[in-house]
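Welcome, and please load the model in your viewer. We will go from one selection to the next, with a short note on what is there at each stop.

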Amino acid sequence: MLTRRSLLLAGAIALPLAAAEPAAAGSPRGDNPFTLGVASGDPLPDGVILWTRLLRAAGPLSARPVEVEWQVALDERFHRVVRAGHTVARPQLGHSVHVDARGLQPGHGYFYRFRALGEISPVGRTKTAPPPWLDGGRLRFGIVNCQDFQNGYWPAYTGLAAEDLDVVLHLGDYIYEYDPHSAFADRNHTTPQTPGLDQLQTLDDYRARHAQYKGDPALRAAHAAFPWVVTWDDHETENNYAGLVDEIDDTGAQHQSPEQFARQRAAAYQAYYEHMPIRANLRPGSADLRIFRRFDFGRLARINVLDTRQYRTDQPGGFPGDFGLPEAGTGNANGTLTGEDQERWLLAGLDRSPARWNVIAQQVMMSRTKLPNPTGGLPAILANLDQWDGYAPQRTRLLKHLADAKVANPVVLAGDIHSSWFSELKLDFDRPEQPSVAVEFTATSVSSDFPAAFDAPLKAVNPVLNPHVKYFDGAKRGYLRVEVAKDLWQTDARTVDTIAERTAPVSTSASYVVEAGTSTLSKR
């Protein structure tokens, strides 16, 4: 019987691209348009986004649309092609490509590639989400964030690419906006159109910076190995921005009005979309782009991916650098990290979830954190008001909802702070004897710096000031590796000893588990 599926298969196998050998793909010649590699993301049971951006090492493409062929196959040599088609890489979107490849089988691994301008891309691997009815199995994923190119190399990504994972979550700070100033000669940032501001402003600025980061071979390998689910934090646009409010410390030429910052945010958001394997509806020139979304992995896990930058109110208190009095956060009754619409969306998704584990994947640490004043002066205790500590009433509202609605096995994921924190979340953090409402895993950075002088003091004071924190490490860079089964969640801190070299072995620094129904962390 001739079906739509058999017609697609027949057309795919007939494409000339199917005969090419993958070993010839992605050659390093200056005229090769696949210098940024390939990526996939936002996996669904029947589909996945396939991404590339055409950019030659020898220079940009002409300002004309380019036809791009794509294929999805069951084998790396593309003898068994199951989906294929054509799309157009348009100069208005930086010659980026986003193919929503549908009609795939749930819970299945695939290979994919592109052809354009007579060249074949590197081959990527991807995997669809399991069927929605599947109750059980396992989910393995990685968590990464904060990869300052100038601060060092990315051996963590080499280690990540070698893992056995279903998906990778990136929780923000994919690029950094700062001017060139690296201690490594080959890691200086691209020079923006207006150097000296220590920030990017134009679409060309952001495109060049994203392309520089994507050019790193370790990052390209990690993208090609698994589908990714991404969300942004602040540095993809500008440090510590909130909604359309510029960074509080900006003065002079750095400072922008909301109208000026909206233009900068539109450029940043478009460049982010152009470089990410994300399922989103971009309107070029718009300062708005919805990226909060959710993914179900059978009935095992629901992952709610938040955006805590685009809709947030300004950090309370007006303190330089956003470290200030904890009372500014506890009194921030009208403050929000998510905005009202996203908060309603999150709560509805939690209430209606069929999943065994309910995950909130977002940018900044939710756990209350008392920080001793590093100057030794007054006030003796500070809070990071750029995190949920600055928006304590909303945090209380969310945690109370988790408890009252009896949301099954809630787990919060975070990044941003360049260090590892494994914590139990309480309705009242001043009563550590209370049962936990949820657990939180905050991943260290891939390469961004955590002040070495703070590591030992925090390890010393956490048992007293922050007893709900069961594990902390600010010394090492890396990622988290998670394995989820029906009755057990395990998180491993996978770290490297140095980012001063391109290669370094990855080891497990800590391993903690959560038994379903407990919201309690136990050392493995």
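Start by selecting residues 420-425, strand β19, and residues 438-442, strand β20: the two pair in the antiparallel sense over five bridges. Here strands (E, at least two residues) and helices (H or I, at least four) are DSSP runs numbered from the N terminus, and two strands pair if DSSP finds at least two bridges between them. Show glutamate 424 next; its bridge partner in β20 is valine 439.

Before moving on, note that this is a predicted model, in which local features need pLDDT of at least 70, side-chain atom pairs count only at pLDDT 80 or more, and totals for chains, interfaces and linings use all residues. Residues are numbered from 1 along each chain as its sequence is written, and side-chain values use heavy atoms, with hydrogens and water left out.

Now widen the selection to the open sheet of seven strands, ordered β12-β13-β15-β18-β20-β19-β21 with mixed pairing. At its edges are β12 (293-297) and β21 (469-473), each pairing on one side only. Neighbouring strands in this sheet are turned by 15 degrees against each other on average, direction ignored; axes are lines fitted to C-alpha atoms, for helices over the stretch in contact, and angles run from 0 to 180 degrees between N-to-C directions.

Keep α9 on screen: with three residues, α9 gives the most to the lining of the largest pocket. A pocket is an open set of points on a 1 Å grid over the protein atoms alone, where a 1.4 Å probe fits, with protein on both sides within 12 Å along at least five of seven lines; lining residues have an atom within 4 Å of a point. Which residues lie nearest the centre of the largest pocket? Select Phe323, Asn384, Ile417, His418 and Pro451, from a lining of 34 residues.

Last, go to the second largest pocket, lined by 18 residues, with Thr330, Arg368, Ala392, Arg395 and Phe429 nearest its centre. Elements giving two or more residues to this lining are α6 (326-330), β17 and α8 (392-404). The largest share, four residues, comes from α8.
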